[in-house]
Every structure is written in C-alpha cells, then in structure tokens.
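Hello,

Here is the structure I promised to pass on to you.

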Amino acid sequence: MNNLSGSTSASFETDTTASTKASARKRFFTEVTPGIILCLAVGAVCMLINHFFSSVSALLMAIVLGALWRNLAPVPHVFEAGVGFSAKKLLRLGIIFLGFQLSLGSIIALGPGVLLVVVLSVVVTFLLTAWIGKLMGLDLEQRLLIAIGFSICGAAAVAGAEGTVKAKEHEVATAVGLVVLFGTLMIPAMPALGLFLGLDDRGIGMLVGASTHEVAQVVAGAGSVSAAALAVAVTVKLARVLLLAPVVAGVGVYLRGKHKVQGEKTPPLVPLFILGFLAAVVLRTTIDLPEGFLTSASTVQTLLLSAAMSALGLGVHLRSIFSAGMKSLLLGLVATLIIITVAASGTLLFSPA
C-alpha cells in the first residue's frame, strides 16, 4: 500500500512539473515571442537598408527608429516583455558572437596605457558623479545609481547595483532612462569628437569604448566607423564592464557601514556573457576557423545587436526622464561630460598603436 502511495505521489509530482514547464513555455511564446520577433524584424530591415546604403549604420538606425516609435506613438503592450528580453538577452548573445571577430593578439596589443585609461574613466567618473550629486542634494540611492550606470555599463550596471543600493522603482527607471538618453546622443557624438581630435580608427574606438555608457551604444557608435574601431571599442568597453563587481561590492560595504544594506549579495565577478565573449575570442585565436563560419557569425552578430538596439531605443521615455526632475537630468549631463573628458584625455595620451 505504501509503495502504491509513493508511486502515486511521484507520478503526481512528475505531472505537476511537466505541467509547470508546459505553462512556462506557453507564457514565453505568448508574452515574450512577439516582442522578440518585432525587434529582430526591425534589425533585419535596418540591415537590408545598410546593404544598399552602406554609409547608414544598421545599429544606429535601429536605435533611432525604436526611440522615435516610443516617443511619437504608443507601443502595443503585447510587445513589452519581448522588447525587455531583446534589450538584455539578445544584446549579450550578440556580444558573444562578436568575440569571433577578435583575437587575443589584438587585445594584448592595446597595451597597459589603455587599461589605465579604462580604470581612470570608471573611478574618476563614479567618484565625481556621486560627490557632485551630493552637492546638488540628490538622494543617496539616486546619485549612486547614476554614478554606477554612467561610469561602467549603463542599464546593466544599474540593474546589477539595484539590489545593493536598495533604490526605489522610480529611481531605477530614472537612472536607466538617463543612461539610454545620453548614451544614445553619444553614438554619433563620440566618433565626431574622435575625428575632431585627429584620432585614427583605433583611437576613435578607444574613445568610444572608454566613454559611451551602454555596450549596445558602443557597438553602434564604433560600428559606424569601421571594423577596426569596433574591435577596439568593444574590448575597451568590456574591460569597463569587468569593474562592475568591485565597484558594486565597494558600494555595498559603504552602505552596510551606514546601515542601509544587510547581507546583500554582490554580482558575479565576471558576467556570464563576458565569459562567452572571451571563449569566442580564445576559439578564434587558437583555431583556424573557416571563413564561411566567420562571415555567418558576423551576420548573426549584426542582426542580434541591431535587434537589441531597437529594443534599447524602445526604452527611451523622454517624458518620464524630464518629469523625474532637472537635478537628475543635470547630473546625467555632468557625468557624461566627466567621462568624455577623462576618456578623450587618456586616448590622446595612450591611443592604441
């Protein structure tokens, strides 16, 4: 009898698990898939336009189209979940594929001077932004989120620090909106500044990677210049991303000292998508990959990043950003100018050979 009861219980648990998985798959298909398809479709259209008009960046076009749609017309709710998924997951997957375009030799060739610029860009921007935000009278949580987002890697950094900082939902939304707004403006501005400073393509890539907020925005800005600029920019940017863990851990220690946080977990030292990116780089470096594979990987990478870019543009709510208060908006501008100043100065001193 006991055996029969145990068997029935196990069967019930198996059926429940199967039902839960089936329900999750159904929810993903109905709630997330429409938005993913939309972003991929926008990315594909932008790639098609770029095929006929090569001077127009598919990545830049995708983010501009997304921002225009968000602020000029309503976006159907059915797309929201998939847009959020695309802005994070497709972006990270695209960065992994981007690793196949790089080799360890090109990374090592950047030199210690470039790494010094990366560290200074993050540390100086974070400390000055947090300090100026205090002078402006902004709440501690708001100024910390803005400082982390603008100095490291935009919305991903804000999300990584959210639990540690214990910020309110509107503070998180404001910080994310600000890094998307100012980072989007930097997409055409940073390459233009590089040309004004007389930098070559690799120098422009370093400037873009050391200054621009989002990984996606870095890809869009540097990708509009050349493949050489893109390779340097992404490598420099990912070096900044690696500093997310120690910065957030330091903020957590500081806040615990102020009795703001108790026992919060810090983010992983190296995000999983960066490990995937590095694995792709190592594979490209150690194995003579077929040209056809590399071409296909480049196409997939461009599609994924263009889709992520359109999702990022769909996250730009200009009205909510301006309604959040001029102090936050001003601090975002100040933080942007700080990191541009540090990155430009460092690039002029240590521009990659």
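**The salt bridge and its surroundings**

The structure holds one salt bridge, a term used here for a side-chain nitrogen of Lys or Arg within 4 Å of a carboxyl oxygen of Asp or Glu. Please keep in mind that this is a predicted model, in which local features need pLDDT of at least 70 and side-chain atom pairs count only at pLDDT 80 or more, while totals for chains, interfaces and linings use all residues. Residues are numbered from 1 along each chain as its sequence is written, and side-chain values use heavy atoms, with hydrogens and water left out.

The partners in the salt bridge are arginine 70 and glutamate 80, at 3.3 Å from N to O. Arginine 70 belongs to helix H2 (residues 58-72) and glutamate 80 to helix H3 (residues 80-98), so the pair ties together parts that are ten residues apart in sequence. Helices (H or I, at least four residues) and strands (E, at least two) are DSSP runs, numbered from the N terminus. Arginine 70 is buried, with a relative accessible area of 16%, whereas glutamate 80 is partly exposed at 29%. The cut-offs are under 20% relative accessible area for buried, over 50% for exposed and partly exposed in between, with a 1.4 Å probe and protein chains only.

**Helix H2 and alanine 67**

H2 has 15 residues and reaches 21 Å from its first C-alpha to its last, close to the 21 Å expected at 1.5 Å a residue; the expected span is 1.5 Å times one less than the number of residues. The buried residues of H2 are Ala58, Leu59, Met61, Ala62, Ile63, Gly66, Ala67 and Arg70.

Alanine 67, found in H2, has a relative accessible area of 18% and is buried. Which residues does alanine 67 contact, leaving aside its neighbours within four places in sequence? They are Gly313, Leu314 and Val316, where contact means heavy atoms within 4.5 Å. Valine 180 is 113 residues from alanine 67 along the chain, and their C-alpha atoms are separated by 9.9 Å.

**Where H6 meets H16**

Helix H6 (residues 140-153) and helix H16 (residues 326-350) pack at an angle of about 35 degrees, with their axes 10 Å apart. Axes are lines fitted to C-alpha atoms, for helices over the stretch in contact, and angles run from 0 to 180 degrees between N-to-C directions. On the H6 side the contact is made by Gln142, Arg143, Ile146, Phe150 and Ser151, and on the H16 side by Ser328, Leu331, Gly332, Ala335, Thr336 and Ile339.

Serine 151 also has a place in another pair: valine 119 is 32 residues from it in sequence and 9.9 Å away in space, C-alpha to C-alpha. Valine 119 lies in helix H5 (residues 112-136) and counts as partly exposed, at 39% relative accessibility.

**Helix H11 and the whole chain**

Helix H11 (residues 227-241) has 15 residues and reaches 21 Å from its first C-alpha to its last. H11 is mostly covered, with twelve of its 15 residues buried; among them are Lys237 and Arg240.

For the overall picture, the chain has 16 helices and zero strands. Buried residues make up 47% of its 353 residues. Of the contacts in the chain with a separation of 6 or more, 83% come from residues 24 or more positions apart.

Best wishes
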